[in-house]
Amino acid sequence: MKGKLFTILTNFTLLLVITGVSLIGYFSGNAQAVIYENTNLYYGGNEESGAVGLTFNVYESTENVLSILDILDEYEAKATFFIGGSWADDNVDCVREIFKRGHELGSHGYFHKDHAKMSYDANLEEIRPSVKLLEMICGQKIELFAPPSGAFCENTLSACAFLNMKVIMWSRDTIDWRDKNEEWIYSRATDELKAGEFILMHPKDITVKALPRILNYIRENGLKTETVSQILGE
């Protein structure tokens with residue numbers, strides 16, 4: 001009974017935070033568009049880092065997320081998880097576990113919308129609540145945003161600049177959300193892999209199967225894994 005009450009209170013608190021942030025964005029955020037000048041858009045990082053960035057976009061599959069965390073622990077690897085707000089709201093414990101194990105958190109928006117078709121204000125209203133929710137869960141500032149499906153426009157970049165956030169894309173897409181062939185996932189992640197690259201994945205069954213091979217390849221080829229921020233030199 002106490003556990004259920006705690007969950008209800010937690011969800012109610014999160015709802016109040018999200019509502020408050022949305023209202024703030026409606027009344028004040030829309031008047032302050034920022035010129036981004038492409039300075040906050042990244043497809044990769046520093047090649048001299050000797051590291052690659054594993055990125056996971058998460059809106060589903062809590063059990064697979066936990067399996068991925070265990071595999072990363074086994075290989076002493078670090079990654080960046082871009083979390084959807086609507087999923088985080090229902091999986092607070094899992095989000096905290098990701099952070100507890102030393103991985104980086106970023107925003108993946110709140111409802112997986114097409115940011116390329118959204119106004120500046122709409123981008124703010126979609127991104128900012130997810131950021132505030134993640135910050136409340138982990139107690140650390142969130143500074144990275146990965147647009148769902150890689151869809152963005154000038155309004156997205158400007159909104160993120162206003163929020164002091166970097167927009168993170170990828171240099172390699174495993175397309176694991178579509179293809180269920182382990183060999184394809186592995187080859188897309190590893191063929192001629194270079195330091196500084198960002199590898200996009202999702203918590204799919206096939207990704208859980210392919211991940212140990214990918215991590216072995218990274219290790220055997222003299223590379224290491226670091227978070228996106230570390231590879232960007234921050």
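Guide: Let's start with Asp179, which is buried at 9% relative accessibility; buried means under 20% relative accessible area, exposed over 50%, and partly exposed in between, with a 1.4 Å probe and protein chains only. This is a predicted model, where local features need pLDDT of at least 70 and side-chain atom pairs count only at pLDDT 80 or more, while totals for chains, interfaces and linings use all residues. Residues are numbered from 1 along each chain as its sequence is written, and side-chain values use heavy atoms, leaving out hydrogens and water.

Asp179 meets Arg188 in a salt bridge, 2.8 Å from N to O; the term covers a side-chain nitrogen of Lys or Arg within 4 Å of a carboxyl oxygen of Asp or Glu. Arg188 is partly exposed, at 23%. By this rule the count comes to 13 salt bridges.

Another pair is Asp73 and Arg101, whose closest N and O atoms are 2.8 Å apart. This pair links distant parts of the chain, 28 residues apart: Asp73 sits in helix H2 (residues 62-74), and Arg101 in the loop between helix H4 (92-100) and strand E4 (104-107). Helices (H or I, at least four residues) and strands (E, at least two) are DSSP runs numbered from the N terminus. Asp73 is partly exposed, with a relative accessible area of 35%.

Finally, Asp114 pairs with Lys117 at 3.8 Å, N to O. Here Asp114 is partly exposed at 31%, whereas Lys117 counts as exposed at 73%.
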